[in-house]
Amino acid sequence: MIQRTRVLVAATAALALGLTAACGGGKDDSSSGSSSKAEFNAALDKVFNPSEKKGGTIRLANSGDWDTLDPGETYYGYSWDFLRLYGRSLLTFKASPGAAGNELTPDLAEGLGETNDNGKTWTYKIRKGVKFEDGTEVKAADVKYAVLRSIDKETFPNGPAYFEQFLNLPAGYKGPYKSKDVNTDQAISTPDDSTIVFHLKQAFGGFDYMAALPQTVPVPQAKDTGAKYKEHVISTGPYMFDQNNLGKNFTLKRNPNWDQATDPFRKALPDSFEVSLNVNADDIDNRLLSGDLDIDVVGTGVQPATLGRVVGDPTAKAGTDNASQSRLWYTSIVGTVKPLDNLDCRKAIQYAADRTGYQTAYGGPLAGGDIATTVLPPTIPGYQKFDLYPAGPDNTGDLTKAKEALAACGQPNGFSTNIAYRAERPKEKATAESLQQSLARVGIKLTLKPFPQGDYFSQYAGNPPYVKANNLGLTVNGWGADWNDGFGFLSQIVDSRVIRETGGSSNTSVRDPEIDKMLDAAVSNTDVKAREAQWGAIDKKVMEDAFILPGVYSKALLIRPKKLTNVYVNPAYAMYDYVALGVA
Amino acid sequence: MVVGPGTVSDQAPVAPDPAEGSVPGKAIEGRSLGRIAWTRLKRDKVAMAGGYVVVFLILVAVFAPLIVKFLGDPPNEFHQNLIDVNTLAPKGGTGISGDHLFGVEPQNGRDIFSRVVYGARISLLIAFLATGLSVVIGATLGVVAGFFGGWVDALISRAMDVFLAFPLLVFSIALAGVIPDTAFGLSGDALRIAMLIFIIGFFSWPYIGRIVRGQTLSLREREFVDAARSLGARGPYIIFKELLPNLVAPILIYATLLIPTNILFEAALSFLGVGVRPPTASWGGMLSDAARFYTIWHFMFFPGMAIFITVLAFNLFGDGLRDALDPKGRR
Amino acid sequence: MITYIIRRLLAAVVLLFIVSAAVFAIFYLVPRLVGATPETLATRYVGRAATPETVNLIAHKLGFYDPIWVQYGRWVKGIFFGAEYDYGSGTEHCPAPCFGYSFITRQPVWPDLLDRLPVTLSLAVGAAVLWVFFGVSTGVVSALRRGSLLDRTAMGVSLAGVSLPIFFTGLVGLLVFSYKLGWTAPGGSYTPFTENPADWFYALLLPWIVLAFQFSAQYARLTRAGMLETLGEDYIRTARAKGLPERSVNVQHGLRAALTPLLTIFGLDFGLLLGGAVLTEQVFSLPGLGKYAVDAITNNDLPKVLGVTMMAAAFVVVANLIVDLLYAVVDPRVRIS
């Protein structure tokens, strides 16, 4: 009923790189194959039902509202996937299954970014002949304007904040609406209509990932209507908005000014798209199964009630794909709360936790994911497989080791503490209940403390004084990165310097100056392989400190569209690639 | 005609008409009103059956730990070995067995029988105390309004109108949603229960208040009150010695009929996610969990039936009590 | 009569003010009392990447730094005179009645409410037709055949009906009729009447039945009790003694007198339903005002909560007013008071 489970992606719009196939369920990482046989995971790392047939309508549904259609503010993985139908960012991820889908490829730009000062300025050449839906040609200034307007966080408070963090903007610059007539060439310059240069405050080797953000999708200044632009986004892609009833539905039709010749990868097979919003999640599943609907656009998998029907029926199961999501569901063990300031007490929790129970709380191996023993998911480069706290043959916890750790910590009979979770999330509730059960076996008594998710990080679990005053020893948490690599995944959750005393940090427990030093060393390392090894070492150090109890490497059970062609999971978005689809 | 409390906005069960203005009991030959009523009630088999079920339910709630010790497992204990990890459903569909009389929950594998038994505690505790609160507020304000009349009556009557026009359910969820985890020296379940009692009791008082006011208005004009007044009795004396004894019967009837309404109100709030906090079992909360697994029948069936049987029993008993105490309505 | 209406309307306006002030207080005062600051409030409405500066900007934009009475005053002013909304590249005039802009979607609330109303209206009207028909007819038949098997069965079912919560009957209904038998639409499949009347009917059939079952049970009991009471009155006996046909006695005298008080209850019930059939809409995932309210509360979206509560309270007030006026028509004695 209360389908808030879908909304949980709010904090975790994840962009994954790395090998999907490494994560169980997949067969191998050959990315070139194709298949037409309906079997479990048939569209996981190869193209299912390949076809070049044009025409038809693809029907999608979203159980919630679209966060926003405005490329300057949208911050959901599914939205970034879908947006490529009506917008072209400078770069994007390859439209391909398997490992290749993780690679960046030029879209509006002619090639990847060029830098000649070790990553402090980045230059992109814009493709000629790309037009807006009204026929005007896209110029470098339109991209510049699009990036600058997204900086206005009073108008776009929910959008990514990387550009204002890295660009060398004039002091006090508030975006083109409020800081009119301010020369911003020190941040972004456009020497000619087809060249755009980004000037950064400090060198950043991974800037190409920022150039792939939807914030670089061009916006014509004359048509910009600020917060209302989402009512009619001006298209640069093969499709443009036909009808748009915010909060209800919208349709896309072909954009006559899109030219296949300017586009290296979009096939634009269907004639139109129909998207319904705020549809009951169980109803979406039912209609997917009956074929009345093609795609659950959010891509987080089936509802619990559907799970039994799909998994129990071999035919139905053959029509699903189990996609890995580059997201970790975990529980923070907070060292500022006594007696968890003692490493052995934290270790006791690691040993006593029932990992199978944690996995079941998230929905089991198919709908939930694989049992996690590290912070980095296997899909992130740098992941190393290790398990510092083996939990017994059936993964339900090692009670002997847990008791030894408790004794070493000076609490042989256990202790009491609280566990925080987001009240709106049934899976986090189940996690808290599961941990309460499993830790009680060694005398660690947990009291459940649900908090509203809107205030979870600002006022409660992410607010250090509150956490300390209210003894929130454990806080249920989850994380997915905006883009791959150890930096994207780790920096916000293991760097102690991101913790703010006023609240709001995603890192709720990891405080170790040594880890901070290791992070700095890794960021400045230009050798990719060496850097990846460093991420793995940081992961290991966090686990040695026992500040994070890993739960589940997230996976989703997707219902494969029955009537569509070219279906495959793009690992960059961990869901079906909406740009490639066609209608059979 | 008196309207039900309108608590659960789209499904408030309205109590049958109270036959306003009737004065219960004309004591004949020294047989007290209570005795007459008791004789009548005993003859009403349906009401007595309801009464027995009510007593049984109260015993279940009181002795929940003992019952569960012999017939179930601790209500919050997981039995994930009984769950199919891929579908989250209990192995074999329901998990009903000698050990788990009502089966186990999907996903966690908790014993549904124990949770239903423990749910009775939350349900009855909140319903009884909330009813007590509304009786206290309703009776006090009702008597005051009816007895003093004038602007006092106008003020209290308008207040009752306000409460009846309130979108109560929405308002209650909003209120329950912002109450923090620790407040007023309470925390955890104690705070949630106190809050639910307050919300339900506070929003149901006009129901009792209207009836008491109406009764007081009619009693105030009767001969025995006039007689007392002419003998020099004052307000407080008249209220406590003359009015209240005559108000006991209607208050008792409508308090009994308010209990099932409050049980439904509490279940509705729990269903909407603002009841007691998990893992504490409540019937409404169980139904809310069951809605996520709407294809698994036994998960919704047992807590739903628990609500149904409890509310039905109170309604039957309340109806019988009214018939017994109010001969005019009996016919 | 005119002064009566004016007096009632004034009372209604006062009532709406009290309700809005109470909702406002819940949202701003209670969190303040437990230590929330304008910044922590604003954090609910920004993304996860928000810096403290962004939070400040939003707290400022949403007016959280102003004293609560200033914020309330601004909201009230918007209803009567409209408001200006800064959407970045310009400002928009939100005409009266302006219930403000959602904190989350930044869309005006009033069009949302108008949008949700037809859903709730469809649900309420359809259910009301069913429950008035079945409830009253069952009540009348039961009263006329008091003590018969039919009466006892009807009253038994009615008693069960008022004892079953809708979130149980609704769930069972979905399980049995939608999922197992496939006769009715699954939850959440609402189609507007204007788009496809057949789909509209199909989607609402089960919610109507479930909701009407509950109310029919109540109305059957009330009608029966009212009928029995009036049939025992002296004037009915007089009518019978005059030799009027039994049918005319029952219908013209008995039913009419028994139904008059039912009108009050119907007015209140229907008014409350129009403000959002919270539980029914929640169970069946119908996008009406009730679900809107619950979602708004979950998201801490104050302008939406205020808007929907106002609308709900207004419906109750108006429904009561109409009932009172109808009363004056049906029963001349009321006009005097």
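What does the secondary structure of chain B come to? In this predicted model, chain B comprises twelve helices and two strands, where helices (H or I, at least four residues) and strands (E, at least two) are DSSP runs numbered from the N terminus. Along the sequence, the elements of chain B follow the order α-α-α-α-α-α-β-β-α-α-α-α-α-α. Residues are numbered from 1 along each chain as its sequence is written, and chains are lettered from A and ligands numbered from 1 in the order in which they are written. Because the model is predicted, local features need pLDDT of at least 70 and side-chain atom pairs count only at pLDDT 80 or more, whereas totals for chains, interfaces and linings use all residues.

Of the 331 residues in chain B, 56% are buried; a residue is buried if 20 or more other C-beta atoms, placed from the backbone, lie within 10 Å of its own, exposed if 12 or fewer, and partly exposed in between. Among the contacts in chain B with a separation of 6 or more, 73% join residues 24 or more positions apart, a contact being a pair of residues whose C-beta atoms, placed from the backbone, lie within 7 Å.

The mean pLDDT of chain B (the predictor's confidence in each residue, from 0 to 100) is 80, and 87% of the residues score at least 70. Where pLDDT is low, the predicted coordinates should not be read in detail.

At the interface, 23 residues of chain B are in contact with 28 residues of chain A. Helix α10 (residues 283–292) of chain B supplies the largest share of the chain B side, three residues. That side has ten nonpolar, nine polar and four charged residues, with Ala, Val, Leu, Ile, Met, Phe, Trp, Tyr, Cys and Pro counted as nonpolar, Asp, Glu, Lys and Arg as charged, and the others, Gly among them, as polar.

In chain A, A:Asp516 lies in helix α16 (residues 513–523). A:Asp516 is partly exposed because 17 other C-beta atoms lie within 10 Å. Beyond its neighbours within four places in sequence, A:Asp516 is in contact with A:Asp495, A:Ser496 and A:Arg497.

Note on methods
Contact = placed C-beta atoms within 7 Å.
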